[in-house]
Structure formats: structure tokens, C-alpha cells
Amino acid sequence: MTEPITVDDYKNVSDEFFQKYDFVKERLQLGAKAEDVLKVMEALSAQVIKERVKDKLGPFGFNKQPKEEDK
């Protein structure tokens, strides 16, 4: 992955990024700096990952119960 990032790469991700950025900026007090918004976005991302992992953890090994769909 040594290719330089292009403007097209930015275009591909910018809509999603700025939706998230604008959401966080609206939730913060007026006058929040870009650095503050990015820090909160990072913290929210970590929380989302924690929640996703929590939902996926389950029984391990041979004692797994079949999913309802598999029955």
C-alpha cells in the first residue's frame, strides 16, 4: 500500500467523512475547533468498535449454539 492518496480517493470518502464531522460539530458548543471535533470523532469511533465487538462475542469452541437461522 505505497500508492499516494489521490484527489479521487478524497472524493470517494469525503461525503461520509463530512456527514460525521458536521454531526459532531453540531453537537459540540459553538466555537469548537477542528481539533476538538476530530478528537470527539476518534472517541466515538472507538466506542462504536467496542459496541460492535460486544455484539459479536459469543460462545467459543465446541459449545456454540446454532443460530436460529441455521436450525
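**View 1. Helix H2 in the lining of the largest pocket of this predicted model.** Seven residues of the lining come from H2, which is the largest share given to this pocket. The elements that contribute two or more residues to the lining are helix H1, spanning 7-27, and helix H2, spanning 34-56.

**View 2. The residues around the largest pocket.** The space inside this pocket amounts to about 240 Å³. Its lining is made up of Lys-20, Phe-23, Val-24, Leu-38, Met-41, Glu-42, Leu-44, Ser-45, Val-48 and Arg-52. Sorted by class, six of the lining residues are nonpolar, one is polar and three are charged.

**View 3. The ring pair of Phe-18 and Tyr-21.** A pair of aromatic rings is described by the distance of the centres and the angle of the planes. For Phe-18 and Tyr-21 the ring centres lie 6.4 Å apart and the planes stand at 70°, and because an angle over 60 degrees counts as edge-to-face, this pair is assigned to that class. Both residues belong to helix H1, where they are three residues apart, about one turn of the helix.

**View 4. Exposure of Phe-18 and Tyr-21, and the ring cluster that includes them.** Phe-18 has a relative accessible area of 45% and is therefore partly exposed, whereas Tyr-21, with a relative accessible area of 14%, falls under the 20% cut-off and is therefore buried. The count of aromatic pairs in the model comes to three, and ring pairs link Phe-17, Phe-18 and Tyr-21 into a cluster.

Definitions and conventions:
Residues numbered from 1 in each chain as written. Predicted model: local features only at pLDDT ≥ 70, side-chain atom pairs only at ≥ 80, totals over all residues. Heavy atoms only, no water. 1 Å grid on protein atoms, 1.4 Å probe; cavity = no way out; pocket = protein on both sides within 12 Å on 5 of 7 lines; lining within 4 Å. Points joined across faces, edges and corners; volume = space filled by probe spheres on them. Helix = DSSP H or I, 4+ residues; strand = E, 2+ residues; numbered from the N terminus. Nonpolar A, V, L, I, M, F, W, Y, C, P; charged D, E, K, R; others polar. Phe/Tyr/Trp six-rings, centres within 6.5 Å; stacked < 30°, edge-to-face > 60°. Buried < 20%, exposed > 50% of the residue type's maximum accessible area, 1.4 Å probe, protein only.
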